[in-house]
Amino acid sequence: MSLLEAILMGLIQGITEFLPVSSSGHLALFQIAFDLDEVGLLFDCLLHFGTLLAVFAVYYKDIWKMICEGFALLGDFFANIGIAFARMSGNKDKQYRRVICNGYRKFDMLVIVSTIPTGIIGVVASDLIELASTILLVPGICLLITSILLFIADRCKEGRKTPKHVSYTNAFVIGICQGIATMPGISRSGTTITACLLSGFDRKFAVKYSFIMSIPAILGSLVLQIFDIKQLDIGTTQWIYYAIGTAVSAIVGYICIKIMLFVVKEKKYTLFSIYCLIVGMISIITYIML
């Protein structure tokens, strides 16, 4: 892989991760078009890590509060265990602490619930996902699915749900959708935001939830790949190219998150729906003709 190819893939990842056109699908099409067989899941994960940095940059205040409240939640949980033992010992005066006592703690729990099905699907289907990325027909069909989802998203009724009103069932279903969206061509952001809107989420919160819930999923994928690094034959030059591609995806991703906030608010998904339809049809026709 050359430096130019690494930069181009960083641009593709940064643009398509947050704009609802499927980063995995476009990366797969790019790799197939330029015969980049040596680019595996590790570089894909690093590109996703770059866009993860963009999420931290945009939502750092919310993420920091979630981290603080997450530790406080754990503290109250273990305190309640101690209180339970104290009550069993005869001290009935001790009262249990309320663990989920504010919006950010509820947000933490919702993300955890969403991550469970995503992680299971990601681990079980990892080989299938990597194989699907090498077959031109798969991203093409999946892009058509994304097109349909985006068409639906613009026609969802206005929701009002914030963390306080979102159920754990909603979170679990959205996590399943995120797991399915690991298939190349199915937009993760488009799928999860559509699922949020269909669940009655407030539009602004739907975008925030979609991007923040991707953090543990992307980190988990990266950790799994790190265990395989020793088995990979990657030279120093390639690592530099990987780092540059990651940086490009982070910078471009930050810009595209800002654009995405406007897109969802103003219901501009239909344009991306048409784009996915066209690219998907071209991919399928090309596969049939080759």
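These legends go with close-up views of a predicted model.

**View 1. How confident is the predictor across the chain?** This is a predicted model, and the chain has a mean pLDDT of 85. In 92% of its residues, pLDDT reaches 70 or more. Helix α8, residues 168–180, is where confidence is highest, at 95. Confidence is lowest in helix α2, residues 23–33, with a mean of 71.

**View 2. Helix α10 packs against helix α12.** To describe a pair of packed helices, you give the angle between their axes and the distance between those axes. Here, α10 (residues 203–212) and α12 (residues 236–265) pack at about 145°, and their axes are 9 Å apart. The crossing of α10 past α12 is right-handed. Which residues in α10 meet α12? Look for Arg203, Val207 and Phe211. Over on α12, their partners are Ile257, Met260, Leu261 and Val264. Sort the residues of this contact by type and you get 6 nonpolar, 1 charged and no polar.

**View 3. Thr192 sits in helix α9.** The helix here spans residues 188–198. Is Thr192 buried or exposed? Its relative accessible area is 0%, so Thr192 counts as buried, the cut-off being under 20%. A polar atom of the Thr192 side chain lies 3.3 Å from the backbone oxygen of Ser189. Setting aside neighbours within four places in sequence, what does Thr192 contact? You'll find Ile174, Gln178, Ser210 and Met213.

**View 4. Thr51 is another threonine to look at, this time in helix α3.** Helix α3 covers residues 41–58. With a relative accessible area of 1%, which is under 20%, Thr51 is therefore buried. Who are its contacts, once residues up to four places away in sequence are left out? Thr51 touches Gln13, Gly14, Glu17 and Phe18, and also Ser249 and Ala250.

**View 5. Ile251 belongs to helix α12.** Is this isoleucine, Ile251, buried or exposed? Ile251 has a relative accessible area of 57%, and since exposed means over 50%, Ile251 is exposed. Now find Gly50: along the chain, Ile251 and Gly50 are 201 residues apart.

Technical notes: Residues numbered from 1 in each chain as written. Predicted model: local features only at pLDDT ≥ 70, side-chain atom pairs only at ≥ 80, totals over all residues. Heavy atoms only, no water. Axes fitted to C-alpha atoms, helices over the stretch in contact; angles between N-to-C directions. Helix = DSSP H or I, 4+ residues; strand = E, 2+ residues; numbered from the N terminus. Left-handed = near helix turned anticlockwise from the far one by under 90°. Contact = heavy atoms within 4.5 Å. Nonpolar A, V, L, I, M, F, W, Y, C, P; charged D, E, K, R; others polar. Buried < 20%, exposed > 50% of the residue type's maximum accessible area, 1.4 Å probe, protein only. Polar contact = N/O pair within 3.5 Å; in protein donor to acceptor, adjacent residues only side chain to side chain. pLDDT = per-residue confidence, 0-100.
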